[in-house]
Amino acid sequence: MSDIIKIENVSFEYIQEGLQSKALDDINLNIKKGEFVVVIGHNGSGKSTLSKHLNAILKPTKGNIFIKEMNTKDDSKLWNIRQTAGMVFQNPDNQIVATVVEEDVAFGPENLGIDPSEIKKRVEKSLKSVGMYELKNKAPHLLSGGQKQRVAIAGIIAMKPDCIVFDEPTAMLDPSGRKEVINTIKKLNKKDNITIIHITHFMEEAVDADRIIVMEKGKVVMQGAPREIFVKVEKLKELGLDVPFMTELAYELRKEGIDIDSDILTVDEMVMNLCQ
Ligand code: ADP
Ligand code: MG
């Protein structure tokens, strides 16, 4: 599979009141088309700064980022880059602009100058894809957090992105809203083959990723399949990170001398292991 995102020797410094602070420190990463990548890391490790580089909200101080071979520093490609790599943020209220759900979803494609009949088709398809079609005439402020976030996602899908970057989209939601959103994200990846970069601090959301990237102080400090990452419980704790609940439980049981695999991720695996 080809690389849809290439991050080459990227460093980034914020300049505030004349002071420079390094938020990204020589990052190298390639992301394949169709890949589901989860990014974890302590507060302030640079996750949001990295995500904003993927649709050219921020540009590297050093190094280059290519989205489908387009350099994010090339201003003539800006709209093409933003249409290719959509972004969904933490707070759904900040992302909704219209007073009716379907108008909100139409907003992005309208800005791309797309034909009205085509917009209508895209809005319908996008709302169906996130399970919000029945509520298309509702006012967004009457929706739950999870529903609002799904409308925000529909607005991005309507621009037909190859890739969507989610920056803690579930952080402000209750457990049921979180589940709605995470299931929507998984479906976009599996069914529509959209490349996903999902930043989260809920480790359970990382279990099904193709790859987990761990950030610390602006660097990528670990990466690998969920099982390879979460088995390193102590290293993750050093970085101030949790592991999925079942992995933690297996870790504690092993400490008590119980013979159980150390790389357990889910309840099913725990049950299988204990009943062997
Ligand atoms: P994360 O998303 O992992 O919590 P961020 O990317 O938001 O991390 O922040 C990385 C570093 O950059 C932190 O030290 C943070 O204080 C700093 N930072 C973030 N945004 C700004 C900003 N707008 N101006 C100055 N420094 C910032
Ligand atoms: Mg952040």
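K217 is exposed, at a relative accessible area of 66%. This residue forms a salt bridge with E216, and the closest N and O atoms are 3.9 Å apart. The model is predicted. In total it has 17 salt bridges.

**Salt bridges**

- K6 and E69 meet through their side chains in a salt bridge, at 3.2 Å from N to O.
- K6 belongs to strand β1 (residues 3-16) and E69 to the loop between β4 (62-67) and β5 (70-71), so this pair ties together parts 63 residues apart in sequence.
- K6 is partly exposed, with a relative accessible area of 21%.
- A second salt bridge joins the side chains of K219 and D25, at 3.1 Å from N to O.
- K219 sits in strand β10 (residues 219-224) and D25 in strand β2 (residues 19-32), so the link ties together parts 194 residues apart in sequence.
- K219 is partly exposed, with a relative accessible area of 38%.
- K22, D25 and K219 form one network, joined by salt bridges that share partners.

**Positive surface patch**

- Four lysines, K121, K125, K160 and K191, gather on the surface in a patch of positive charge.
- K191 is placed in the loop between α6 (175-190) and β8 (195-199).
- K191 has 63% relative accessibility and therefore counts as exposed, the cut-off being over 50%.

**Helix α5**

- Helix α5 spans residues 145-157, which makes 13 residues.
- From first C-alpha to last, α5 reaches 18 Å, close to the 18 Å expected at 1.5 Å a residue.
- Of the 13 residues in α5, 12 are buried, so the helix is largely enclosed by the rest of the structure.
- The buried residues of α5 include charged ones, K148 and R150.
- Also buried in α5 are G146, Q147, Q149, V151, A152, I153, A154, G155, I156 and I157.

**Loop residues**

- G44 lies in the loop between β3 (36-41) and α1 (47-53).
- With a relative accessible area of 77%, G44 is exposed.
- G44 and L173 are 129 residues apart along the chain, and their C-alpha atoms are separated by 21 Å.
- A98 is in the loop between β6 (85-88) and α3 (101-111).
- A98 has a relative accessible area of 19%, so it is buried by the cut-off of under 20%.
- A98 and H141 are 43 residues apart in sequence, with 9.9 Å between their C-alpha atoms.

**Positive phi values**

- Most residues other than glycine have a negative phi.
- E168 has a positive phi of about 50 degrees, although it is not a glycine.
- E168 is found in the loop between β7 (163-167) and α6.
- At 11% relative accessibility, E168 counts as buried.
- N193 also has a positive phi, near 55 degrees, and is a residue other than glycine.
- N193 is placed in the loop between α6 and β8.
- N193 is partly exposed, with a relative accessible area of 40%.

Definitions and conventions
Residues numbered from 1 in each chain as written. Chains lettered and ligands numbered in written order. Predicted model: local features only at pLDDT ≥ 70, side-chain atom pairs only at ≥ 80, totals over all residues. Heavy atoms only, no water. Patch = residues over 30% accessible without salt bridge, like charges linked within 9 Å, V, L, I, M, F, W, Y side chains within 5 Å. Areas by Shrake-Rupley, 256 points an atom, 1.4 Å probe, with all protein chains shown as cover. Charge placed at Lys NZ, Arg CZ, Asp CG, Glu CD. Helix = DSSP H or I, 4+ residues; strand = E, 2+ residues; numbered from the N terminus. Buried < 20%, exposed > 50% of the residue type's maximum accessible area, 1.4 Å probe, protein only. Expected span 1.5 Å × (residues − 1).
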